[in-house]
Amino acid sequence: MQCRLCISPKTALEKGVLPAEIIYDAILLFSKEDSIVPGSVIEVQQKFGKVPLLFESVGEMVCYSTHNEIALKRKTIT
């Protein structure tokens, strides 16, 4: 599916103490016709033959009049 990946991590501090917990690593914007459920593994293929990025969807999908969005957390690559 066609999509757009917006990388802008959100962090949360526990009583203002570091290290901060990363809540999500990116937001995936995709078409209204598609649906993603929480916990789905998402592979994002980048342009120009770069290695695909693996994410897990976190939270609920948010629907807008023009598109859908879901927060993603980067999966550990081993």
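Trainee: What is the strand order in the open sheet, and how are the strands paired?

Mentor: In this predicted model, the open sheet has 5 strands in the order E1-E4-E7-E6-E5, and the pairing is antiparallel.

Trainee: What makes E1 and E5 edge strands?

Mentor: Strand E1 (3–6) and strand E5 (41–44) each have a single partner strand, so one side of each has no neighbour in the sheet. From one strand to the next, the twist averages 40°.

Trainee: How do you know that E5 and E6 count as paired?

Mentor: Pairing takes at least two bridges, and 4 bridges join E5 to strand E6 (residues 53–63), so the pair qualifies. The two run antiparallel. Glutamate 43, for instance, has leucine 54 in E6 as its bridge partner.

Trainee: What makes the histidine 67 and threonine 66 pair a polar contact?

Mentor: The limit is within 3.5 Å, and adjacent residues count only if both atoms are side-chain atoms. Here the contact is side chain to side chain at 2.9 Å, so it passes.

Trainee: Which strand gives the most to the lining of the largest pocket?

Mentor: That's E1, with 3 residues. The pocket has a volume of about 230 Å³, and its lining includes Cys3, Arg4, Leu5, Val44 and Phe48.

Methods: Residues are numbered from 1 along each chain as its sequence is written. This is a predicted model: local features need pLDDT of at least 70, side-chain atom pairs count only at pLDDT 80 or more; totals for chains, interfaces and linings use all residues. Side-chain values use heavy atoms; hydrogens and water are left out. Axes are lines fitted to C-alpha atoms, for helices over the stretch in contact, and angles run from 0 to 180 degrees between N-to-C directions. A polar contact is a pair of N or O atoms within 3.5 Å; within protein, one must be able to donate a hydrogen and the other to accept it, and residues adjacent in sequence count only if both atoms are side-chain atoms. On a 1 Å grid over the protein atoms alone, a cavity is a set of points where a 1.4 Å probe fits but cannot get out, and a pocket is an open set with protein on both sides within 12 Å along at least five of seven lines; lining residues have an atom within 4 Å of a point. Grid points are joined across faces, edges and corners, and a volume is the space filled by probe spheres set on the points.
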